[in-house]
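Subject: Structure for you to look at

Hello,

Here is the structure I said I would hand over. Please open it alongside this message, and my notes follow below.

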Amino acid sequence: MAERFRIVGGTPLRGEVLIWGAKNSALKLMAAALLAVGRTRLSNVPAILDVTIMAELLRRLGCVVEYDAAAGVVEIDVPDQIGHRADYDLVRALRASTAVLGPLVARCGAADVAVPGGDAIGSRGLDLHAAGLEALGASVRVTHGFLVAEAPRGLDGAEIRLEFPSVGATENVLTAAVLARGTTRLENAAREPEIVDLAAMLVSMGAGIDGAGTSTVEIHGVGALSPTEHAVVPDRIAAGTWAFAAAATRGDVEVVGARSGHLTAALELVEASGAVVRGTERGFRVDSGGRRPRSFDVATLPYPGFPTDLQPFALACNAVAEGSAMITENLFEARFRTVQELNRLGAETRIDGHHVMVHGVERLSGAPVEASDIRAGAALVIAGLVAAGVTTVSGAHHVDRGYAGFAEALQALGADVTREADDDPFGVAFTRS
Ligand code: UD1
């Protein structure tokens, strides 16, 4: 049944919150497990729906997958012979399913992966993924809604330069090249911590990789890889979510299990808002001193720049800040969906191309709004915390895809947030008398 969050605004967040492994790493590590026959064990895996979907995809390929969500452990038993097809129902539900492309071409010499449709954050092509695999010697075509990659005689190392440091394309080149003949040199690679995490797991499986986390990565192909055990890197986007939530609500939150070094650009802006950020033994702490945030400009960029996934939270914080700010989205064209909904809560914003001007107001005013994706949904819940009265955020399932126990974590920080059925057939914008 559809659910929504119900938020009674006004309480600053205070206390501590625990960060699990990164969604955007766990899904890729699960796909990478396909590269070795045998049992790979991942720990610190978040309890989110996306992991369940990726587990189902791996099962359909022939793997035995056990997911203990409470313990945060996924065990993947990969047989000698695996399938090489990812159907549209899975790819549509989970865009990150495309992470199986590289491992399948490397292991099977073939991959048929459904092409995801345009999603709520822009068109997001696969052209760079395809170009990378082609450079390694695969033939790639799109037919009947599938990207079909074939390399019956295996892959050969190559010099590849990505036109743009795409996270997904970097990952697929890495996971394909580890079993290629010879050396691959990948230039203009993405540098995200999730890439470093994937490379670390691949190296623990026996891969030869130098330079992960820099723009130039060298991959020395090997004949076979072995299964491994690996703990997923902490989720920097979840950690950043709480940092902005603390600043926006005039709160004081310790983010336990987070790595502040993965969030330098974001935490600089949290500090620009006037909050004090300090490293602690267990993570970091954001203390607003009970003060209203000051406005700060934001421009999203590939890592180590400010992450696009945190842009909706910076927007929500600026909506109640003192002053005006310009938010510039450089990665995804349609990532301003939060704006219209924030305006329903009384935010003063104006969109101009890939910029949003935000003029901060003292307090938002509660209203029914709708989540369009994971981050937009979570950002709207946080906006509800700084709105007078009651806000409802429909589409709670979007938030569940990226945040395990979001409402519970907020309650533990003192917020008045609950989940309730959202069964109004006309949509939550209607008030029934
Ligand atoms: C990943 C993250 C996502 C994050 C994004 C950028 C996962 C599951 N998702 O997405 O949360 O917002 O990185 O940090 O890890 N592009 C192309 N052609 C391609 C590939 C990408 O045009 O072949 C474009 C996309 O349309 C987009 C930009 O490049 O505008 C960035 O995409 P990319 O870095 O590939 O992001 P994802 O891996 O899809």
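This is a predicted model: local features need pLDDT of at least 70, side-chain atom pairs count only at pLDDT 80 or more; totals for chains, interfaces and linings use all residues.

The ligand

The shell around the ligand has 19 residues, and Asp 127, Leu 128, Ser 166, Asp 309 and Leu 331 come nearest. By type, the shell divides into seven nonpolar, six polar and six charged residues. Three helices, α1 (23-32), α5 (127-135) and α6 (167-177), each supply at least two residues of the shell. Of the contributors, α5 gives the most, with three residues.

In Asp 309 the side chain takes part, with an N or O atom 2.5 Å from a ligand oxygen. In Leu 331 the backbone takes part, and a polar atom there is 2.6 Å from an oxygen atom of the ligand. Val 167 also uses its backbone, with an N or O atom 2.8 Å from a ligand oxygen. On its own the ligand has 740 Å² of accessible area, and the protein covers 85% of that.

Strands β8 and β9 (residues 146-150) run antiparallel and are joined by five bridges. Within that pair, Val 142 has Leu 147 of β9 as its bridge partner. In general, strands of a sheet pair through backbone hydrogen bonds, either parallel or antiparallel.

The loop between β8 and β9 holds His 144. Phi of His 144 is near 50 degrees, a positive value in a residue other than glycine. Is His 144 buried or exposed? Its relative accessible area is 79%, so His 144 counts as exposed.

Other backbone points

Asn 44 sits in the loop between β3 (38-43) and α2 (49-60). Asn 44 also has a positive phi, near 60 degrees, and is not a glycine. With a relative accessible area of 24%, Asn 44 is partly exposed.

The peptide bond that joins Tyr 303 and Pro 304 is cis, with omega about 10 degrees. Pro 304 is placed in the loop between β18 (298-299) and α10 (311-319). As background, most residues other than glycine have a negative phi, and most peptide bonds are trans.

The helix α10 is mostly covered, with nine of its nine residues buried. Among the buried residues of α10 are Gln 311, Phe 313, Cys 317 and Asn 318.

Thr 249 is in the loop between α8 (236-248) and β15 (252-256). Its relative accessibility is 6%, so Thr 249 counts as buried. A polar atom of the Thr 249 side chain lies 3.2 Å from the backbone nitrogen of Leu 13.

Thr 184 belongs to strand β11 (residues 183-187). Thr 184 is buried, at 0% relative accessible area.

Thr 264 lies in helix α9 (residues 264-272). Thr 264 counts as partly exposed, at 45% relative accessibility. The side chain of Thr 264 reaches the backbone oxygen of Gly 261 at 3.4 Å. Thr 264 and Val 37 are 227 residues apart in sequence, and their C-alpha atoms are 38 Å apart in space.

Regards

Note on methods:
Residues are numbered from 1 along each chain as its sequence is written. Side-chain values use heavy atoms; hydrogens and water are left out. A residue is near a molecule or strand if one of its heavy atoms lies within 4 Å of it. A polar contact is a pair of N or O atoms within 3.5 Å; within protein, one must be able to donate a hydrogen and the other to accept it, and residues adjacent in sequence count only if both atoms are side-chain atoms. Accessible areas come from the Shrake-Rupley method with a 1.4 Å probe; for residues, only the protein chains shown count as cover. Helices (H or I, at least four residues) and strands (E, at least two) are DSSP runs, numbered from the N terminus. Ala, Val, Leu, Ile, Met, Phe, Trp, Tyr, Cys and Pro count as nonpolar, Asp, Glu, Lys and Arg as charged, and the others, Gly among them, as polar. Two strands pair if DSSP finds at least two bridges between them. Buried means under 20% relative accessible area, exposed over 50%, partly exposed in between (1.4 Å probe, protein chains only).
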